[in-house]
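Please have the sequence and the model at hand while reading.

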Amino acid sequence: MSDVVIETRKLTKEFVRDEFHVIALKDADLEVRRGDFVALMGPSGSGKSTLLHLIAAMDRPSSGEIRVLGQDLRALNDRAIAHWRNVHIGFIFQSFNLIPVLNAIENVELPLKLTHLKAKERMEHAETALTLVGLGDRLHHYPRQLSGGQEQRVAIARALVTDPDLILADEPTGNLDAGSAQEVLTMLSRLNKEFGKTVVMVTHDPHAASFAARVLHLEKGLLLPEGQSAEWSASQPAAS
Amino acid sequence: MAIPLTYNFRNLVVRKTTTVMTALGIALTVAVLLSVLALLSGLRTAFASTGDPRQVLILRKGATAELNSGITRDVFQDIKFKPGIARDSSGQPMASLEMVTVINLPSVDSPQGMNLTLRGLLPLGVQMRGLKILEGRWFETGQREVVVGKSIARRYPGARLHHQLRFGKGVWEVVGVMDGGESAVNSEIFGDLGQVSSDFNRQDGLSSVLVRAADSSVVPALINSLNDDQKLNVTAQTERSYYDAQTSSGAPLQFLGVFVSVIMAVGSSFAAMNTMYAAVARRSMEIGTLRVLGFSRGSILLSFLAESLLLSVLGGLLGCVLVLPLNNVSTGIGNFVTFSEIAFNFRVTPQIMLYGILFAMFMGAAGGLFPARMAARKEILTALREI
Ligand SMILES: Nc1ncnc2c1ncn2[C@@H]1O[C@H](COP(=O)(O)OP(=O)(O)OP(=O)(O)O)[C@@H](O)[C@H]1O
Ligand SMILES: [Mg+2]
């Protein structure tokens, strides 16, 4: 596999509802290499989540090309995409999205249910992942018995338990206090540095973005060239 | 491979009020069906255990039951010497002339009294039925004495041993209680043929003849020769097939019971559907999350279907528990052919309970299918956005 993990060409996503068209993402060219830590920034509605969802194959592009881990996502059917996502992607949500009726270790074990691992191995892997995020002593706590920061750490454990190539996070610190946010960011940074995971993180927060090696800006569906930010483009009369 | 059942089970526990309400609806539906099935099963047992396959019951041609049949003593004499009839130890043909009528006895339960079958017969008839005496003794020829079936003794305090019954032309003494196993004989009163027929002025207007074939291989030939004899003008059939046909007295009840439970099942399925639609709506974000983790649409469908089935099995089990106390409760049913009471027990068998659970699962599947399909069809992003 080449070093390029994510590669998009003229990637466009258009939402059509009745006669109402929204171009959420227009002609985005993106290249992310193995081991990168990329932060996607931009104002609300600029298309950050849309881009992340296309990378995770949670949605299909309207036009353009997208290859993730060498796979042309448009070539896969629904079932194949589900399997592909289980193997290659770890996704972290802003609102944690843990299953309330399952405890921490059961939540983390869940994606392993789709692998060939035996029950005992699944539990061992889940415990290892939870220990890694510092929750080795909270294995049997239910989400409602955990703080927001702890919930997000369980979600991180769930995202990394399958040992995915790519970790995608949509505003992972958006619902957290400063202390918890710091813990989560440190953890993502460790996953990137120590375990060599490629991370793409959407964020509003410049402090969060500072953990990333690369920061990319989106503005009204346009992915700005690296190094340019919204303020810069706003000062250019002919930019959009 | 699939989403674990724990997930569904715990969700049922979390929304326990809705779960209990829905399961209770299913349970009541199952209970209605099961009580009808248990009743029919008891009725069937009562009739099916009646009759010896070697024995042939003879009625007047055209009669459907002993009650509306008429046989004269002359006809009886002709029947008795048909070939193929077994002989008893004294060399007499095993043929029993009997008279059957319905008498009305006062009852505590019902102001109109209870209709009971009275059978006048000779000791040979008793012997041919292989009945046991539970208490007391058999009636004596020429005496105003009766022996009652054990169900009657149990259900009518007035018909216990040594009590007196008033019917026909006077008072009769209960001298014994007989045990007919699970057969319909338990709901009959036996008395001496001569006494009974004279009380009802039917010395020559008797009801039926029961004969025993020498062995079971000659039964068809015996039946044919009786049926074909124009002079006799009788219908013959095995005793067993006669009683099997009597099970039809349960048919209207069966129809009503099945009809009511089907209507209720439609209601319960909709209740289950409602519950499951609510669950799908409430867990929309979880559905989206599961899909992001890699679970397929098929897994989502199966998971919600499984949850609905789990819910319905719970209802089914509850339904079984509800009807279990009915087991061996004895009851009576008016026999629509003879217009007399047949007493028998409800029988809640394991097989019947299995039917109940399958019936419940059918409701669960019917109610769960559309919500599960809706859950599976959601797009990931739509599912994640709904709260
Ligand atoms: N399913 C949809 N249907 C219609 N329009 C949509 C849909 N999803 C997103 N959009 C629109 O696409 C644009 C980009 O949305 P997106 O969610 O990518 O923004 P974002 O940068 O993640 O914003 P935020 O920071 O608020 O999360 C917005 O204008 C949004 O309204
Ligand atoms: Mg967003």
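A residue is buried at under 20% relative accessible area, exposed at over 50%, and partly exposed in between (1.4 Å probe, protein chains only). The model is predicted: local features need pLDDT of at least 70 and side-chain atom pairs pLDDT 80 or more, whereas totals for chains, interfaces and linings use all residues. Residues are numbered from 1 along each chain as its sequence is written, chains are lettered from A in the order in which they are written, and side-chain values use heavy atoms, without hydrogens and water.

**Surface patch**
- Phe259(B) counts as partly exposed because its relative accessibility is 46%.
- Phe259(B) lies in helix 9 (residues 251–282) of chain B; helices are DSSP runs of H or I, at least four residues, numbered from the N terminus.
- Together with Phe255(B), Leu256(B), Val260(B) and Ile263(B), Phe259(B) forms a nonpolar surface patch of about 510 Å² accessible area.
- Such patches join nonpolar side chains (Val, Leu, Ile, Met, Phe, Trp, Tyr) within 5 Å, from residues with over 30% relative accessible area and no salt bridge.

**Interface of chains A and B**
- Chain B contributes 21 residues and chain A 25 residues to the contact (heavy atoms within 4.5 Å).
- Two salt bridges cross the interface (Lys or Arg side-chain nitrogen within 4 Å of an Asp or Glu carboxyl oxygen).
- In the salt bridge between Arg297(B) and Asp78(A), the closest N and O atoms are 2.4 Å apart.
- Helix 10 of chain B provides seven residues, the largest share of the side of chain B that touches chain A.

Methods
Patch = residues over 30% accessible without salt bridge, like charges linked within 9 Å, V, L, I, M, F, W, Y side chains within 5 Å. Areas by Shrake-Rupley, 256 points an atom, 1.4 Å probe, with all protein chains shown as cover. Helix = DSSP H or I, 4+ residues; strand = E, 2+ residues; numbered from the N terminus.
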